[in-house]
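Q: Can you walk me through reading an interface? I would like the general idea, then the case at hand.

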Amino acid sequence: MTIKIIFTVFVGFAGGLAVGAGFVAFLTVLKVIPRLTQLTKTMKMIQHYEWAIVLGVITGAWLGLQNNILSLNKAFLVPIGLADGIFNGLLAAALTEVLNVFPLISKRIGIQEKIVYLIMAIVFGKIAGSLFQWIYFVDI
Amino acid sequence: MDNLVYVRMRHRVQVRSNQIVKIKDIAKLLGQPVLVKELEETVLLKVTNEDNNIIIVDLVQLVKEILDQNADIEIQAIGPSQTIIEVVYEKKKVSWPLFIAVWILLFVGAAITIMNFHVDVSMQTVHQKLFKIITGKEDSKPLLIQIPYSFGLGLGMILFFNHFFRKRFNEEPSPLEVEMFNYQQDLDQYVIMNENKESIKKIDDN
């Protein structure tokens with residue numbers, strides 16, 4: 001029995017370790033945190049940002065695996081949704097595929113000054129696609 | 001020592017078609033002022049319509065030209081060893097139909113890919129569960145999370161590309177500008193290697 005418990009704990013721990021390392025590697029590759037520190041000029045606080053990520057992951061994992069009910073006001077959902085969206089937006093924008101496409105397209109059709117409009121096409125596309133999905137598409 | 005001339009070739013210069021390119025257009029010379037003045041005015045080449053829009057002048061061509069002028073000159077080269085001359089024909093007009101087509105392509109593509117992504121990671125289920133955890137109630141369409149989420153998505157992308165805050169926050173280039181630079185750098189590297197007569201030698205000189 002004890003061996004079974006120890007083994008289960010070991011397997012769970014090993015799985016968590018691999019997923020956690022993978023998550024951090026993912027964030028590192030996309031350079032989202034350096035980008036945010038660059039924007040806000042808070043390079044010195046980077047250690048605290050690491051902790052924010054670690055604590056966020058632990059909280060999310062725990063809430064996701066348990067069935068705790070916090071019974072908070074609905075208004076809390078709005079900032080959470082917004083933060084969720086901004087973070088996902090940073091990830092989406094950071095994907096190198098997206099970054100590599102712009103220089104090419106802008107050179108091909110000769111609109112290097114208007115590249116901002118192309119970015120806005122992607123940004124509005126993401127917003128529209130997302131809204132369309134949540135409001136209409138999920139009901140079909 | 002009096003005949004020493006330092007030469008630094010520029011990396012990339014733009015010229016008009018039919019322009020006469022002199023040494024001073026593509027390189028910076030330092031040395032005895034009289035000598036340098038004379039050399040700078042030397043005609044290197046004339047851009048003709050047959051030329052492609054990229055001409056590469058290698059350092060050895062420049063050295064040859066200078067030595068032809070005055071064989072006593074000692075040349076000391078610093079910096080890049082070739083110059084990319086970009087021939088600018090009349091300014092290319094933006095083709096609006098093409099631009100609009102690309103815009104729509106990007107818009108629709110971005111919209112569909114984000115929907116695919118949401119389905120891929122079961123975003124709907126996660127939002128429903130989040131709604132339950134926080135409020136304690138069930139909701140199959142937790143729009144209170146999802147609408148702020150959607151706008152946050154756009155905001156996050158703009159934040160990453162940083163063209164709202166560029167002036168206010170800092171002078172550092174945005175990731176996109178770095179990417180544009182890298183792309184141009186790669187193209188330059190390619191033409192330097194492939195269009196430069198001095199750096200390729202094929203069998204039989206063909």
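Q: Which residue forms a salt bridge with A:Asp139?
A: A salt bridge is a side-chain nitrogen of Lys or Arg within 4 Å of a carboxyl oxygen of Asp or Glu. In this predicted model, B:Lys141 pairs with A:Asp139, and the closest N and O atoms are 2.8 Å apart. The rule finds one salt bridge across the interface of chain B and chain A.

Q: What should I know about the model and its numbering?
A: Residues are numbered from 1 along each chain as its sequence is written, and chains are lettered from A and ligands numbered from 1 in the order in which they are written. The model is predicted, so local features need pLDDT of at least 70, side-chain atom pairs count only at pLDDT 80 or more, and totals for chains, interfaces and linings use all residues, while side-chain values use heavy atoms, with hydrogens and water left out.

Q: How many residue pairs are in polar contact across the interface?
A: A polar contact is a pair of N or O atoms within 3.5 Å; within protein, one must be able to donate a hydrogen and the other to accept it, and residues adjacent in sequence count only if both atoms are side-chain atoms. Between chain B and chain A the rule finds 14 such residue pairs, both residues at pLDDT 80 or more.

Q: Which helix of chain B gives the most to the side that touches chain A?
A: Helices are DSSP runs (H or I, at least four residues), numbered from the N terminus. H6(B) gives the most, with 19 residues. That side of chain B divides into 40 nonpolar, 16 polar and seven charged residues. Here Ala, Val, Leu, Ile, Met, Phe, Trp, Tyr, Cys and Pro count as nonpolar, Asp, Glu, Lys and Arg as charged, and the others, Gly among them, as polar.

Q: How many residues are in contact?
A: Contact means heavy atoms within 4.5 Å. On chain B, 63 residues are in contact with 72 of chain A.

Q: Is B:Gln146 buried or exposed?
A: Buried means under 20% relative accessible area, exposed over 50%, partly exposed in between (1.4 Å probe, protein chains only). B:Gln146 is buried, at a relative accessible area of 0%. B:Gln146 lies in helix H6 of chain B.

Q: What does the side chain of B:Gln146 join?
A: Polar contacts link the B:Gln146 side chain to that of B:Gln124 at 2.9 Å and to that of B:His127 at 3.2 Å. Beyond its neighbours within four places in sequence, B:Gln146 is in contact with residues including A:Trp134 and B:Lys141.

Methods
Helices (H or I, at least four residues) and strands (E, at least two) are DSSP runs, numbered from the N terminus.
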